[in-house]
Amino acid sequence: MAKVIENPRQLILTHAREILSEKGYSQLTMRGVASACGIALGTIYNYFPNKDDLMVEMMSEYWKTFQSEVDLILGSAGSFSENLQGIYRSLEGFVGIFRAEWLKPELYQAEEVMGSSRGRKFQAIEMLAARLAKWLEVEGIRFKVMSSREAAAFVVMNFLAMIQTPLVDYTVLEEVILSLLEEEGHGSAN
């Protein structure tokens, strides 16, 4: 008689998260997850066709938490600088969990297929930029040389670049961003 597993998808995700946090991305294998779950390897593939899809599912759960943090930050009474730094620190924590997967250079290539796992990650970046752009518009924060959408994309991509390759201190990027603000009509930027 076949073994009945309650909520196998969640069981797989739970054990995959444990392996990822304890052993790292390189040690996360479909076979290892199956073994940790006490289920057949084929069962894993019924839910997740490959390691990328498993990673994206785990990232999606953490991403929802990150989005809630961003909403709290943008809804706070903090200054423009405090809110930017809050988003940066929160994104840094998220990326830290999934560093090996999230910071792959191919993530940023434009020819992504939107149904693929990389396409889903790129959509997440676009969603963060859109959320930030909306906040900039609502707050009346304007930039000299770019639209709110372009400014938000600039901020998000530079945040990711700094997290990937921390060649300069966060405060340097913040000063660059502040120098791009219009003098008048920038709402709560100061």
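How exposed is Gly38, given its relative accessible area? In this predicted model, Gly38 has a relative accessible area of 42% and is therefore partly exposed, since that class lies between the cut-offs of 20% and 50%.

## Overall architecture

The protein chain contains nine helices and zero strands, so that, read from the N terminus, its elements run α-α-α-α-α-α-α-α-α. Of its 190 residues, 41% count as buried. The chain exposes about 10,100 Å², and carbon and sulfur atoms supply 53% of that area.

Among the contacts in the protein chain with a separation of 6 or more, residues 24 or more positions apart account for 64%. Gly38, which is found in the loop between helix 2 (30-37) and helix 3 (41-47), is 27 residues from Leu11 in sequence and 9.8 Å from Leu11 in space. Ser60 and Ala124 are 64 residues apart in sequence, and their C-alpha atoms are 8.7 Å apart in space; Ser60 itself is found in helix 4 (residues 51-75) and, at 22% relative accessibility, counts as partly exposed.

## Helix 5

Helix 5 covers residues 80-97, and its length can be checked against its number of residues: at 1.5 Å a residue, the 18 residues should span 26 Å, and the end C-alpha atoms are 26 Å apart, which agrees. The buried residues in this helix are Phe80, Ser81, Asn83, Leu84, Ile87, Tyr88, Ser90, Leu91, Phe94 and Val95. An α-helix has 3.6 residues a turn, so residues three or four places apart point the same way.

Ser81, placed in helix 5, has a relative accessible area of 16% and is therefore buried, the cut-off being under 20%. The side chain of Ser81 makes a polar contact with the side chain of Glu174, at 3.0 Å. Helix 5 also holds both Arg89 and Glu92, which lie three residues apart, about one turn of the helix, and whose side chains meet in a salt bridge at 3.3 Å, N to O. Both partners are partly exposed, Arg89 at 40% relative accessibility and Glu92 with a relative accessible area of 33%.

The side chains of Arg9 and Glu57 meet at 3.5 Å, N to O.

The side chains of Arg131 and Asp71 meet in a salt bridge at 2.8 Å, N to O.

## A nonpolar surface patch

Leu167, Val168, Val172 and Val176 form a nonpolar patch on the surface, and together they have about 360 Å² of accessible area. One of these residues, Val172, has its place in helix 9 (residues 170-179). With a relative accessible area of 43%, Val172 is partly exposed.

## Backbone at Asn7

Most residues other than glycine have a negative phi, and most peptide bonds are trans. Asn7, although it is not a glycine, has a positive phi of about 50 degrees. Asn7 is found in the segment before helix 1.

Terms used:
Residues numbered from 1 in each chain as written. Predicted model: local features only at pLDDT ≥ 70, side-chain atom pairs only at ≥ 80, totals over all residues. Heavy atoms only, no water. Helix = DSSP H or I, 4+ residues; strand = E, 2+ residues; numbered from the N terminus. Expected span 1.5 Å × (residues − 1). Buried < 20%, exposed > 50% of the residue type's maximum accessible area, 1.4 Å probe, protein only. Patch = residues over 30% accessible without salt bridge, like charges linked within 9 Å, V, L, I, M, F, W, Y side chains within 5 Å. Areas by Shrake-Rupley, 256 points an atom, 1.4 Å probe, with all protein chains shown as cover. Salt bridge = Lys/Arg side-chain N within 4 Å of Asp/Glu carboxyl O. Contact = heavy atoms within 4.5 Å. Polar contact = N/O pair within 3.5 Å; in protein donor to acceptor, adjacent residues only side chain to side chain.
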